[in-house]
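Here is a short briefing for a reader new to this structure.

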Amino acid sequence: MLAEVADDIVRVEVWLDETPPTDVPDAGTLTLHVPPGSTGLRVGEGRNRAAAAAIEAGAELLVFLDVDCLPGADLLSAYRTAASSNPDAVLSGAVTYLVSVQRPETASDLPFLTRPHRARPALPAGATRRATPEEYDLFWSLSFAVTPATWKRIGGFHPGYEGYGAEDTDLAWTARAADIEMLWVGGADAYHQWHPVSSPPWQHLDDILRNGATFHERWGVWPMGGWLEAFAAAGAIERREDGWARVR
């Protein structure tokens, strides 16, 4: 994640795998190690600790960006401008998913590759729009920004999620329950680098069932409905009362 501290940028890197990093971090970079839990990577906890470290360093704005995402040239300035007018909101920029043949070599290549994901609003640079209550389901934690005060109101990511899925929707629902606005921010473009994936994500099936059950416990509904229906159509899982379970 990136944190603005009195017009300077502090970078906080979080290592989530079993082995902590041995490389000496760049100047101005804080490196944290959050080892996996018993059932998977603790992505939400890693972000929580990064936020705590940045706030302790005096951060005025927290910008979260996943390791497989590249920031557009105007990402920080767009988030900063939106936060100055909307300090009490969760700020969410557009994300372009690069395909396998798109391998940008320099930051100057990125504008030519911009093609925001169609499932999320994409606004002109400098524009913002308040999310509808239904659009909180569209929140992605791979790129977003909040002020420290708003982060503290939300309380961070719930620690009950390990491995893939649901922690970002949980954060968004927590913000909505606290009457915290979410804004779509034009010009805060991030670029998700290509890597092999499966659809549905078979390697994450157990994570999705486990984290989905945790979300259901907290909110009364199951998230990631599209993935669950796809797994069910393939005969891998089935409905059992108000839950989902593997077909044995």
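The lining of the largest cavity is made up of 5 nonpolar, 3 polar and 1 charged residues. The model is predicted.

**Cavities**
- Rolling a probe the size of a water molecule over the atoms shows where empty space is left.
- The structure has 3 cavities of 30 Å³ or more.
- About 50 Å³ is the volume of the largest cavity.
- Its lining consists of S92, G93, A94, V95, H117, R120, L138, W140 and W184.
- Strand β6, residues 90–97, contributes the most to this lining, with 4 residues.

**A cis peptide bond**
- Most residues other than glycine have a negative phi, and most peptide bonds are trans.
- The bond from S199 to P200 is cis, with omega near 0°.
- P200 sits in the loop between β9 (182–192) and α5 (205–219).

**Positive phi at D179**
- D179 is not a glycine, yet its phi is positive, at about 60°.
- The loop between α4 (167–177) and β9 holds D179.
- D179 counts as exposed because its relative accessibility is 69%, and the cut-off for exposed is over 50%.

**Positive phi at E241**
- E241, also a residue other than glycine, has a positive phi near 55°.
- E241 lies in the loop between β10 (237–240) and β11 (243–246).
- With a relative accessible area of 82%, E241 is exposed.

Methods. Residues are numbered from 1 along each chain as its sequence is written. This is a predicted model: local features need pLDDT of at least 70, side-chain atom pairs count only at pLDDT 80 or more; totals for chains, interfaces and linings use all residues. Side-chain values use heavy atoms; hydrogens and water are left out. On a 1 Å grid over the protein atoms alone, a cavity is a set of points where a 1.4 Å probe fits but cannot get out, and a pocket is an open set with protein on both sides within 12 Å along at least five of seven lines; lining residues have an atom within 4 Å of a point. Grid points are joined across faces, edges and corners, and a volume is the space filled by probe spheres set on the points. Helices (H or I, at least four residues) and strands (E, at least two) are DSSP runs, numbered from the N terminus. Ala, Val, Leu, Ile, Met, Phe, Trp, Tyr, Cys and Pro count as nonpolar, Asp, Glu, Lys and Arg as charged, and the others, Gly among them, as polar. Buried means under 20% relative accessible area, exposed over 50%, partly exposed in between (1.4 Å probe, protein chains only).
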